[in-house]
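Welcome, and thank you for looking at this protein with us. The sequence and the structure come up next, and a short tour follows.

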Amino acid sequence: LVEAVRTAYRIRLFAIETYGPVIHEFDPWFNYRATEYLAQHGWSAFFKWFDHMSWYPLGRPVGTTIYPGMQLVSVAIWRGLDAIGTPWSLNDVCCYVPAWFGGAASIF
């Protein structure tokens, strides 16, 4: 079990170790923007947010069309790290969350 967790974590860290904490591709970039919006504007505004930058030209009612778990957890981790005196950028937290969740998911 420990080796499975370690392997899952290392696989998800490959891109970070190779290229640094950079968000690649469209979906992760959209999820980062959604997380950033949640961090800046709060819970209530997030669920009413209509994003004109996605699903062009129509736009997208983000709060009612996504599963916000990743955004909520990422903002909670980001704020938690800041609260204990270990400030990370929101970008870095969003890059590492898949590795942390990959390790945790392999337990279950």
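Helices (H or I, at least four residues) and strands (E, at least two) are DSSP runs, numbered from the N terminus.

## About the model

This is a predicted model, in which local features need pLDDT of at least 70, side-chain atom pairs count only at pLDDT 80 or more, and totals for chains, interfaces and linings use all residues. Residues are numbered from 1 along each chain as its sequence is written, and side-chain values use heavy atoms, with hydrogens and water left out.

## The overall picture

The protein chain holds four helices and two strands. Reading from the N terminus, the order of its elements is α-α-β-β-α-α. The C-alpha trace spans about 45 × 30 × 30 Å along its principal axes.

How much of the chain is buried? Of its 108 residues, 32% count as buried; here buried means under 20% relative accessible area, exposed means over 50%, and partly exposed lies in between (1.4 Å probe, protein chains only). The accessible surface comes to about 7,100 Å², and carbon and sulfur atoms hold 65% of that area. Such areas come from the Shrake-Rupley method with a 1.4 Å probe, and for residues only the protein chains shown count as cover.

As for charge, the mean positions of the 7 positive and 8 negative charges are 5 Å apart. Lys and Arg count as positive and Asp and Glu as negative, while His and the chain ends are not counted; the place of a charge is NZ of Lys, CZ of Arg, CG of Asp or CD of Glu.

Let us start with α1, residues 2-19. This helix has 18 residues and reaches 26 Å from its first C-alpha to its last, close to the 26 Å expected at 1.5 Å a residue. The expected span is 1.5 Å times one less than the number of residues. A kink of about 40 degrees is centred on Leu-13 in α1, where the bend at a residue is the angle between axes fitted to the seven residues ending there and the seven starting there. Ala-8, Leu-13 and Ile-16 are the buried residues of α1, and they pack against α4, residues 90-107. Just after α1 comes Gly-20, with a positive phi of about 90 degrees.

Helix α4 also has 18 residues, and its first and last C-alpha atoms are 26 Å apart, close to the 26 Å expected at 1.5 Å a residue. In α4 a kink of about 30 degrees lies at Tyr-96, shortly before the proline Pro-98. The buried residues here are Leu-90, Asn-91, Val-93, Cys-94, Cys-95, Val-97, Ala-99 and Gly-103.

Thr-7 and Trp-100 are 93 residues apart in sequence, and their C-alpha atoms are 12 Å apart in space.

Tyr-32 is buried, since its relative accessible area is 12%. Beyond its neighbours within four places in sequence, Tyr-32 is in contact with Ile-23, Leu-90, Asn-91 and Cys-94. Gly-20 is twelve residues from Tyr-32 along the chain, and 16 Å separates their C-alpha atoms.

Thr-35 is also found in α2. With a relative accessible area of 1%, Thr-35 is buried. What does Thr-35 contact, leaving aside neighbours within four places in sequence? Its partners are Gln-71, Ser-74, Val-75, Leu-90 and Cys-94.

Not counting residues up to four places away in sequence, Arg-33 touches Trp-49, Asp-51, Met-53 and Ser-54.

A cis peptide bond, with omega about 5 degrees, joins Tyr-56 and Pro-57.

Definitions and conventions: Contact means heavy atoms within 4.5 Å.
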